[in-house]
Amino acid sequence: KIWSNSPLDVTNEDDVQCDKTGVIAVNNRYLVAPDGIAFQNEGMFGTSWINTPLGKMFEGDDRNAYTLIVDAENFKGPVAFMLPEYWGDQGKWQDNSGTFHPAEDFGNVGINTGGWAFEFSTIPIVGYQETYGRYMRIPKLEMGINKDTDKTLLMTGFKSWADRDLYNDLESVLNGTSLLDEGTLMPEDGGVQNSCDDIDDSYDLTLAAEGKGWFIGGSLETKKEGDHCVAQIVWDFDSDGVDCVASDKCRFKDVFELAELTIETNSDTGEIEVDFGGMVPMEDIVTEIIPQLKRDFPSDYHSEVDPPKYNRSIGEVCNAPPAADGMFCVQSKEGDWIGYRWYLFSEQPGLQRLNLNNRQKDWLQSRIDRLHLAMEPTAPLNEWLKPPSTSSLPPLVQVDEAYIVTPPAGLDIGYVPIVVYQGMNQAPNCVISGSPTSTPTSPPVNAATSQPSALSHTSQPTDILSESPSSLPTTEPSLSLTPTISRSDYPSSLPSETPTSIPTAPTDSPSSTPSASPSIEPTINPSTEPS
């Protein structure tokens, strides 16, 4: 439920409450949909959860704002950060006075990176009991194979990062003291690379049901290749459990007979022979012989009567008025429609729980304005996270291009798109993104008055140092990073007080927070625990 920056819900249950929102959109080129990130092909996807200053709410705020930074072929850069307040009551217990325990959480202390794991968890099945046997069917599953190999690379290039690798340089950009040099952020020779010199593990890739297992047709490996640790599948093309005839995919068998344990005496030798049974793959023709296996898979998610639909397109979301009237919409590669509206960054629904005053909003807004201006020349390909330099790395994946948007004129700096609708039908009265009419129908509005805002954004900023917070530098800051601010109540100095709705970070908060794991623990087979 946290993967939504507006109170959309993906299960047709109660909405996420406005005082429980957790994800704050940062990028003005990407739609953060409630059901996550969608892709339009196969490939490697680079991700990093790393502490950044993007979530700083006031000067001296040293709490952790874990930020998702991604690397795909057609989209790169920061996506969103987790609001530190979100962790305040997650997984905690509350005493009679209303205090949550323990006091430590992801927002105020560091994290220790541990092992990674892969798991195909619960897979739905359709079963049928016949007088001559028991049968089951699973969904059709397939995995891509790396070109010209017998392997599927699952994960590689793990690192932990320190403040010097990203946080410090990014803070200088946000406070206006330096230009953005994306080449120096999270450099390839930076960070701490995990060691797997002593790891060389291999486990059978199996499918298990009701205590019975079947060797699917490959092995899971954790080992070092070149300078990097890898987790990968090595396929057995001769196995009966997988069909790798196609050059780029291996398809799992999906119909099985559940053979029972049998104990028989060999008539020739007199020896007792034990067959422990297992899952015997069958041909698809079995579903014609046993039509009961054609039944739909059980699901508590979809309903023919009430199909999934996430609609918050009418009215304000968490009392956060959008920056312009009207809603834009796009259709994804899978056919569903996404509706979104544009919000001033500091006025987006996810931040309403903080009850920021105008001075606090303006300080926060000025930093994001600088970020958007700095990222604009290379957007949406802001390569902060770099792929590991290895010849064996498959091509990067492409995110669904429908989720990549271009801000309308006038909303290009300091504004973010917030998804307010998702469903199989196009939302009423929405403007299809990219059409000739896809422009704002009214000027940006002030959240407090619903009147045209005095906060103007322009891609041609002017020198505003005379009215900027006094703690910003007065010597050669990059004027190209600082937009014109004309809101009448913009502060002449940074807030001297800590906002009452935002707790200060504890003094023992670490200065360095790693974002990736130093070891690999693939666990596709639930019956094994490979390291």
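Trainee: Let's start with the cysteines. How many disulfides does the model have?
Mentor: A disulfide is a covalent bond between the sulfur atoms of two cysteines. In this predicted model, a pair counts if the sulfur atoms are within 2.5 Å. By that rule the count is three.

Trainee: Take Cys 18. Which cysteine is its partner?
Mentor: Cys 18 sits in the segment before β1, and its partner is 300 residues away, in the loop between β23 (310–311) and β24 (327–331). The two sulfur atoms are 2.0 Å apart. The partner is Cys 318.

Trainee: Is the disulfide of Cys 18 and Cys 318 left-handed or right-handed?
Mentor: Look at the torsion about the S-S bond, which is about -90 degrees. That value makes the link left-handed.

Trainee: And is Cys 318 buried or partly exposed?
Mentor: Buried means under 20% relative accessible area. Cys 18 has 30%, so Cys 18 is partly exposed. Cys 318 comes to 12%, so Cys 318 counts as buried.

Trainee: Next, Cys 244. Which cysteine does the disulfide join it to?
Mentor: The sulfur atoms of this pair are 1.9 Å apart. With 110 degrees about the S-S bond, the link is right-handed. The partner is Cys 250.

Trainee: How many residues apart in sequence are the parts that Cys 329 and Cys 430 tie together?
Mentor: The sulfur atoms of Cys 329 and Cys 430 are 2.2 Å apart, and the two form a disulfide. Cys 329 lies in strand β24, while Cys 430 belongs to strand β27 (residues 430–432). The parts they tie together are therefore 101 residues apart.

Trainee: Is that disulfide of Cys 329 and Cys 430 left-handed or right-handed?
Mentor: Both ends are out of the way: Cys 329 is buried at 1% relative accessible area, and Cys 430 counts as buried at 11%. The torsion about their S-S bond is about 65 degrees, so the disulfide is right-handed.

Trainee: On to the strands. In what order do the four strands of the open sheet stand?
Mentor: Strands of a sheet pair through backbone hydrogen bonds, either parallel or antiparallel. Here the pairing is antiparallel. β1 (23–25) and β2 (46–51) each pair on one side only, which puts them at the edges. The order is β1-β4-β3-β2.

Trainee: Which residue of β4 is the bridge partner of Val 23?
Mentor: β1 pairs with strand β4 (residues 76–82) in the antiparallel sense, over three bridges. In β4, the partner of Val 23 is Met 82.

Trainee: How many residues lie between β14 and β15 in their hairpin?
Mentor: Strand β14 (residues 201–209) and strand β15 (residues 212–225) run antiparallel and are joined by eight bridges. In the turn, Glu 210 has a positive phi of about 55 degrees. The number of residues between the strands is two.

Trainee: Which strands are the edges of the open sheet of three?
Mentor: This antiparallel sheet has the order β10-β18-β17. β17 pairs with strand β18 (residues 249–252) over two bridges, and Val 242 stands opposite Phe 252. An edge strand pairs on one side only, and here those are β10 (142–144) and β17 (242–243).

Trainee: Which elements give two or more residues to the lining of the second largest cavity?
Mentor: That cavity holds about 40 Å³ of space. Its lining includes Leu 153, Thr 156, His 228 and Val 230, and the lining divides into two nonpolar, four polar and one charged. The elements asked for are β11 (151–156) and β16 (228–235).

Conventions:
Residues are numbered from 1 along each chain as its sequence is written. This is a predicted model: local features need pLDDT of at least 70, side-chain atom pairs count only at pLDDT 80 or more; totals for chains, interfaces and linings use all residues. Side-chain values use heavy atoms; hydrogens and water are left out. On a 1 Å grid over the protein atoms alone, a cavity is a set of points where a 1.4 Å probe fits but cannot get out, and a pocket is an open set with protein on both sides within 12 Å along at least five of seven lines; lining residues have an atom within 4 Å of a point. Grid points are joined across faces, edges and corners, and a volume is the space filled by probe spheres set on the points. Ala, Val, Leu, Ile, Met, Phe, Trp, Tyr, Cys and Pro count as nonpolar, Asp, Glu, Lys and Arg as charged, and the others, Gly among them, as polar. Two strands pair if DSSP finds at least two bridges between them. Buried means under 20% relative accessible area, exposed over 50%, partly exposed in between (1.4 Å probe, protein chains only).
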